[in-house]
Amino acid sequence: MAKISRLNKYLAESGVASRRGADQIIADGRVKVNGVVVKELGSKIESFNDTVMVDDVIVKAVTRDVVVMFNKPKGCITSANDEFGRKTIFDYVKIDTPRLFPVGRLDFETEGLLLLTNNGDLSNKLMHPSSEVSKTYLVKVEGEMPEHKLAQLRKGVEIDGQATKRSKVKLIEYVDGISRLQVTISEGRNRQVRKMFEVIDREVIFLKRVAVGDLKLGGLSRGGHRYLSDYEISYLKNL
Ligand code: URA
């Protein structure tokens with residue numbers, strides 16, 4: 001989403017000069033927007049779309065790191081658009097931060113903790129297999145879960161021709177024919193949890209991500225979101 005800014009404000013926020021100093025630089029004809037000298041004070045630009053140069057050196061827009069925790073409901077897709085007109089995560093997260101993208105994805109039928117950020121490096125780092133960021137899920141499956149099946153999941157099962165890494169699997173309860181489990185994995189393969197249970201002949205009937213690393217969904221309402229604090233953002237950066 002483009003953000004319209006006054007040119008002098010853009011230059012000041014980018015650390016080129018004070019607002020007044022920026023006005024002088026503009027008046028002196030030292031500023032180009034998309035290759036064209038702009039001398040009018042009060043000119044506006046679209047940060048992120050326009051290229052601003054001072055003395056022929058590009059001045060980048062300063063962006064503050066934004067990380068949002070969203071409690072995705074089931075029945076919406078982790079994408080900006082859907083060719084079938086289904087709800088997307090941006091029908092819920094309506095905030096005016098340019099370039100806010102989901103960190104990985106949750107399936108249409110999966111609910112729970114999804115992070116969104118405008119920091120591409122952070123997003124890549126969190127998703128990269130080498131980071132081994134843990135993700136914890138509440139899982140419900142039909143039928144009992146005997147110990148040997150739990151052991152199989154913990155040790156790793158083969159999905160898409162490759163074994164999953166060791167995971168933590170805890171049986172919480174078995175009530176009325178339904179097993180409830182807590183599963184923590186450190187990978188993020190496509191539909192990983194559902195596929196892991198398929199291998200042991202159990203269909204997942206409910207899946208909710210409740211934590212990413214030490215960040216917990218807590219009492220965030222379904223469909224709601226909150227901004228992470230600077231402390232939480234630095235925790236993610238240091239994972
Ligand atoms: N595993 C799945 O099967 N689905 C998700 O959305 C996330 C993890």
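**Entry 1: helix 4**

I started just after helix 4, where Gly156 takes a positive phi of about 120°. I noted that this is a predicted model. Next I looked up the helix itself, residues 147-155, and found Lys149, Leu150 and Leu153 buried. Then I checked the face turned away from the buried side. I found the exposed residues Glu147, His148 and Lys155 there. I also asked what covers the buried residues of helix 4. The cover includes strand 13, strand 14 (178-185) and helix 5 (192-199).

**Entry 2: Leu171**

I moved to strand 13, residues 168-175, which holds Leu171. Leu171 is partly exposed, with a relative accessible area of 35%. I listed its contacts, leaving out residues up to four places away in sequence. Leu171 touches Met145, Leu150, Ser179, Arg180 and Leu181. One of these, Leu150, is among the buried residues of helix 4. I also took the C-alpha to C-alpha distance from Leu171 to Val139. The two are 9.5 Å apart in space and 32 residues apart in sequence.

**Entry 3: helix 3**

I turned to helix 3, residues 120-127. Its buried residues are Leu122, Ser123 and Leu126. Down the axis of helix 3, they fall within an arc of 100°, so they too line one face of the helix. Which elements do they pack against? I found strand 7 (67-72), strand 8 (101-102), strand 9 (111-117) and helix 6 (230-237). At the start of helix 3, I looked at Asn119. A side-chain oxygen of Asn119 reaches to within 3.0 Å of the backbone nitrogen of Asp121.

**Entry 4: the ligand**

I looked up what surrounds the ligand. The residues are Leu106, Asp107, Thr110, Tyr137, Arg191, Gln192, Val193, Arg194 and Leu207. I then went through backbone N or O atoms. One of Gln192 lies 3.5 Å from a ligand oxygen. One of Val193 lies 3.2 Å from a ligand nitrogen. One of Arg194 lies 3.0 Å from a ligand oxygen. On its own the ligand has 240 Å² of accessible area, and the protein covers 95% of that.

**Entry 5: domains**

Last, I checked the domain assignment. It gives domain 1 (4-58), domain 2 (67-129 + 217-237) and domain 3 (134-212). Taken over C-alpha atoms, the centres of domain 1 and domain 2 are separated by 33 Å.

Terms used:
Residues are numbered from 1 along each chain as its sequence is written. This is a predicted model: local features need pLDDT of at least 70, side-chain atom pairs count only at pLDDT 80 or more; totals for chains, interfaces and linings use all residues. Side-chain values use heavy atoms; hydrogens and water are left out. Helices (H or I, at least four residues) and strands (E, at least two) are DSSP runs, numbered from the N terminus. Buried means under 20% relative accessible area, exposed over 50%, partly exposed in between (1.4 Å probe, protein chains only). Contact means heavy atoms within 4.5 Å. The arc is that of the directions from the helix axis to the C-beta atoms. A polar contact is a pair of N or O atoms within 3.5 Å; within protein, one must be able to donate a hydrogen and the other to accept it, and residues adjacent in sequence count only if both atoms are side-chain atoms. Domain bounds come from an automatic or database domain assignment. A residue is near a molecule or strand if one of its heavy atoms lies within 4 Å of it. Accessible areas come from the Shrake-Rupley method with a 1.4 Å probe; for residues, only the protein chains shown count as cover.
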